[in-house]
Amino acid sequence: MRVRIYLKIIVFLILFLFTNQISVYLTMLIFCTLHEFGHIIAGLILKLKPENLEILPYGLSISFKLNPDDINKKIKKRKFIKKMIVALSGPMLSLILAIIFSYINCNLINKQDAVYSNILILLFNLLPIYPLDGGRILKYILHIKYGNKKSKQYINEISN
């Protein structure tokens, strides 16, 4: 697995430090990272192999290896269902975290910031814009129903 760290994180830290919003940035960074861990855990449970892990200014990004031997239509459909589960697992973890933080008090993170951050991450990621999670889910559904060429065409039109 290849790991990449983007040094723009330092620029973001300095920017938020000077604007006195470092706690907001760190809260969002923590919950975006947890959101991506939802994808990682689901992928590992479904026996997908991680290919790239990127550490970005807004959290982590993970991609999994595609097996070129999956050319059978039945296997291909199952593969896209697994990808949908992985894409949906991040927003679902954000929803679970928002619910948990709405009921508990934590000394480390402001309760209201934790709930709002997770709801914001959830809603943003479910937008049907590719490459967000909602766009990926829609792309996989369209791929199963219409095939590769039409799904790419439809998802580009919807995203634009």
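Modeller: Helices (H or I, at least four residues) and strands (E, at least two) are DSSP runs, numbered from the N terminus. By that reading, the elements of the protein chain follow the order β-α-α-β-β-α-α-α-α from the N terminus on.

Colleague: How many helices and strands does that make?

Modeller: The protein chain has 6 helices and 3 strands. This is a predicted model, where local features need pLDDT of at least 70 and side-chain atom pairs pLDDT 80 or more, while totals for chains, interfaces and linings use all residues. Residues are numbered from 1 along each chain as its sequence is written, and side-chain values use heavy atoms, with hydrogens and water left out.

Colleague: What spans does the C-alpha trace have along its principal axes?

Modeller: The spans are about 55 × 35 × 35 Å. Of the 160 residues in the chain, 36% are buried. Buried means under 20% relative accessible area, exposed over 50%, and partly exposed in between (1.4 Å probe, protein chains only).

Colleague: Why is R4 called partly exposed?

Modeller: R4 has a relative accessibility of 35%, and a value in between the two limits is called partly exposed.

Colleague: What makes R4 and E54 a salt bridge?

Modeller: A salt bridge is a side-chain nitrogen of Lys or Arg within 4 Å of a carboxyl oxygen of Asp or Glu. In this pair the closest N and O atoms are 3.3 Å apart, so the pair meets the limit. R4 belongs to strand β1 (residues 2-5) and E54 to strand β2 (residues 50-56), so the bridge ties together parts that are 50 residues apart in sequence. The structure holds 1 salt bridge.

Colleague: K139 is buried; how do you know that K139 has no salt bridge?

Modeller: Lys and Arg count as positive and Asp and Glu as negative, with His and the chain ends not counted. The nearest side chain of opposite charge to K139 is D133, 12 Å away. That distance is not within the salt-bridge limit, so the pair does not qualify. K139 is in helix α5.

Colleague: Which residues does K139 touch, not counting those up to four places away in sequence?

Modeller: K139 touches Y130, S151 and I155, where contact means heavy atoms within 4.5 Å. I144, also in helix α5, touches K77, F80, I81 and M84 under the same exclusion of residues up to four places away. With 33% relative accessibility, I144 is partly exposed.

Colleague: And what about contacts in the chain between residues at least 6 apart in sequence: what share join residues at least 24 apart?

Modeller: The share is 60%.

Colleague: What makes the largest pocket a pocket?

Modeller: On a 1 Å grid over the protein atoms alone, a pocket is an open set of points with protein on both sides within 12 Å along at least five of seven lines, whereas in a cavity a 1.4 Å probe fits but cannot get out; lining residues have an atom within 4 Å of a point. The largest pocket has a volume of about 1200 Å³, a volume being the space filled by probe spheres set on grid points joined across faces, edges and corners. It is lined by 42 residues, with I62, S63, D133, R136 and Y140 the closest to its centre.

Colleague: Which element gives the largest share of that lining?

Modeller: Helix α3 does, with 8 residues. Elements that each supply at least two lining residues include α2 (22-45), β3 (59-64) and α5 (133-146).

Colleague: How does the lining of the largest pocket divide into nonpolar, polar and charged residues?

Modeller: The lining has 20 nonpolar, 9 polar and 13 charged residues. Ala, Val, Leu, Ile, Met, Phe, Trp, Tyr, Cys and Pro count as nonpolar, Asp, Glu, Lys and Arg as charged, and the others, Gly among them, as polar.

Colleague: Which residues joined by a peptide bond are cis?

Modeller: Y130 and P131 are, with omega about 20°. P131 is in the loop between α4 and α5. Most peptide bonds are trans, and most residues other than glycine have a negative phi.

Colleague: What is the phi of N20?

Modeller: Phi of N20 is near 60°, a positive value in a residue other than glycine. N20 sits in the loop between α1 (8-18) and α2. K47, in the loop between α2 and β2, also has a positive phi, near 65°.

Colleague: Why are N20 and K47 called exposed?

Modeller: N20 has 67% relative accessibility and K47 has 72%.
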